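Reader: I am new to reading protein models. Could you take me through this one step by step?

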Amino acid sequence: MSEETIQLELNDAGVSPKLPTPSHPSDQIHEVPYRPVEFRDDDLPAALERCAGWLRQAQQWLGEPVDVLAVHLDYDEREGYPYYDLKLLCNEEDLAGVPVALREYARQRTA
């Protein structure tokens, strides 16, 4: 019985470099645990719209729904910081592109 490994291309943060990144400078994908994808804004609807847009792009890239484990909404009252802090806690394997790599691996084996 042989064990085969699938190589993943990951950036320094441990996610696939092909994963769509949030478009606004205040938004970011954090490191572990839970891989929070953060959207920060003084305008909650704007943060929610950017979050929804990123989620659509990520799901299109992934080829399946992103596992979102939780949605966390917080606020930051410090001067000079966006008030709303919206986070999607996402499955690390999805953000690393594991489903994409598995499909590519299966495609190569059948070719």
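Author: Start with a definition: patches are made of residues with over 30% relative accessible area and no salt bridge, where like charges are joined within 9 Å and nonpolar side chains (Val, Leu, Ile, Met, Phe, Trp, Tyr) within 5 Å. Accessible areas come from the Shrake-Rupley method with a 1.4 Å probe, and for residues only the protein chains shown count as cover. This is a predicted model, where local features need pLDDT of at least 70, side-chain atom pairs count only at pLDDT 80 or more, and totals for chains, interfaces and linings use all residues. Residues are numbered from 1 along each chain as its sequence is written, and side-chain values use heavy atoms, leaving out hydrogens and water.

Reader: How much accessible area does the nonpolar patch on the surface have together?

Author: Four residues form the patch: Ile 6, Leu 8, Leu 10 and Leu 102. Together they have an accessible area of about 300 Å².

Reader: Is Leu 10 buried, partly exposed or exposed?

Author: Buried means under 20% relative accessible area, exposed means over 50%, and partly exposed is in between (1.4 Å probe, protein chains only). Leu 10 has 41% relative accessibility, so Leu 10 counts as partly exposed.

Reader: What is the order of the strands in the open sheet?

Author: Helices (H or I, at least four residues) and strands (E, at least two) are DSSP runs, numbered from the N terminus. Two strands pair if DSSP finds at least two bridges between them. Here the pairing is antiparallel, and the order of the four strands is β1-β2-β4-β3. The edge strands, each pairing on one side only, are β1 and β3.

Reader: How many bridges pair β2 with β4?

Author: β2 covers residues 36–41 and β4 covers residues 84–90. Val 37 stands opposite Leu 88 in β4, and Asp 41 stands opposite Tyr 84.

Reader: At what angle to β2 does helix α1 run?

Author: Axes are lines fitted to C-alpha atoms, for helices over the stretch in contact (heavy atoms within 4.5 Å), and angles run from 0 to 180 degrees between N-to-C directions. Helix α1 (residues 44–62) lies across β1, β2, β3 and β4. Its angle to β2 is about 145°.

Reader: Which residue forms a salt bridge with Arg 40?

Author: The closest N and O atoms of this pair are 3.5 Å apart. Arg 40 lies in strand β2 and its partner in the loop between β3 and β4, so the pair ties together parts 36 residues apart in sequence. Both partners are buried. The partner is Asp 76.

Definitions and conventions: A salt bridge is a side-chain nitrogen of Lys or Arg within 4 Å of a carboxyl oxygen of Asp or Glu.
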